[in-house]
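Colleague: I would like to go through the labels on this model. Please set each one against its definition.

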Amino acid sequence: MKITATDVKKLRDATGAGMMEAKGALDEARGNFDKAIKILKDRGAAIAAKKSERSASNGVISSYIHMGNRVGALIEVNVETDFVARDEKFIAFAKDLAMHVAGMNPKYVSADDVPRAELKKQDDADAYIKEVCLLAQPYVKDTSKTVEELLNEQVAKFKENIQIRRFVRFELGLSVDIKRD
């Protein structure tokens with residue numbers, strides 16, 4: 001099947017992949033759009049795994065205050081270089097994560113952060129993790145992917161390790177237990 005520039009653009013718009021990455025995935029999938037998306041997701045996860053050991057000491061603290069000023073969130077998102085930390089798309093990504101935290105109210109960044117005693121109290125540990133762990137939650141702006149999948153897409157796009165270090169959510173009238181490092 002002949003891959004057209006329109007096909008490549010459509011895949012790039014859907015995934016944020018580079019032009020050559022999108023064309024390569026479409027070639028490998030023999031023009032099958034859904035298969036090409038899966039190929040790109042798998043590659044993104046592989047890139048994220050390779051980069052996860054690299055130091056992410058730059059980044060941003062982003063905030064989101066919901067309409068009505070009753071709920072807000074702060075989040076720290078780290079990346080390897082200050083060049084990427086200043087990128088408008090990276091800053092928008094961090095802002096979207098802060099919005100997600102405000103809306104979905106996670107308690108932990110990942111399943112590794114959940115105390116084992118708390119997990120043992122749950123009838124369905126997997127469902128509980130999906131409810132309280134930011135990375136395991138369906139992404140609020142696109143529920144077809146988790147926050148972790150979104151994060152892996154950003155790692156593949158920026159070609160750098162990106163880590164969500166911490167967050168805090170405030171809701172008017174509720175007490176907040178602030179965790180200190």
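Modeller: Start with pairing: two strands pair if DSSP finds at least two bridges between them. Strands (E, at least two residues) and helices (H or I, at least four) are DSSP runs, numbered from the N terminus. In strand 4, Asp142 is the bridge partner of Tyr139. This is a predicted model; local features need pLDDT of at least 70, side-chain atom pairs count only at pLDDT 80 or more, and totals for chains, interfaces and linings use all residues. Residues are numbered from 1 along each chain as its sequence is written, and side-chain values use heavy atoms, with hydrogens and water left out.

Colleague: What makes strand 3 and strand 4 a pair?

Modeller: The pairing rule asks for at least two bridges. Strand 3 (residues 138–139) and strand 4 (residues 142–146) have 2 bridges, in the antiparallel sense. So they pair. They form a hairpin with 2 residues between them.

Colleague: How do you know that strand 1 and strand 2 pair?

Modeller: There are 8 bridges between strand 1 (residues 58–65) and strand 2 (residues 71–79), which run antiparallel. Ile65 stands opposite Gly72 in strand 2. In the turn of this hairpin, Gly68 has a positive phi of about 90 degrees.

Colleague: Why is the contact of Arg165 and Glu76 called a salt bridge?

Modeller: The term needs a side-chain nitrogen of Lys or Arg within 4 Å of a carboxyl oxygen of Asp or Glu. Here N to O is 3.1 Å, so the contact qualifies. Arg165 lies in strand 5 (residues 162–171) and Glu76 in strand 2, so the pair ties together parts that are 89 residues apart in sequence. Glu76, Arg165 and Arg166 are linked in a network of salt bridges.

Colleague: Why is Glu76 called buried?

Modeller: Buried means under 20% relative accessible area, exposed over 50%, partly exposed in between (1.4 Å probe, protein chains only). Glu76 has 13%, so Glu76 is buried. Arg165, at 41%, is partly exposed.

Colleague: What makes Asp142 and Lys145 a salt bridge?

Modeller: Their closest N and O atoms are 3.7 Å apart. That meets the salt-bridge cut-off. Asp142 is partly exposed at 28%, whereas Lys145 is buried at 11%.

Colleague: How do you know that the buried residues of helix 7 are on the same side?

Modeller: The buried residues of helix 7 (residues 125–132) are Tyr128, Ile129 and Val132. They cover an arc (taken over the directions from the helix axis to the C-beta atoms) of only 100 degrees, which puts them on the same side of helix 7. The face turned away from that buried side carries the exposed residues Asp126, Lys130 and Glu131.
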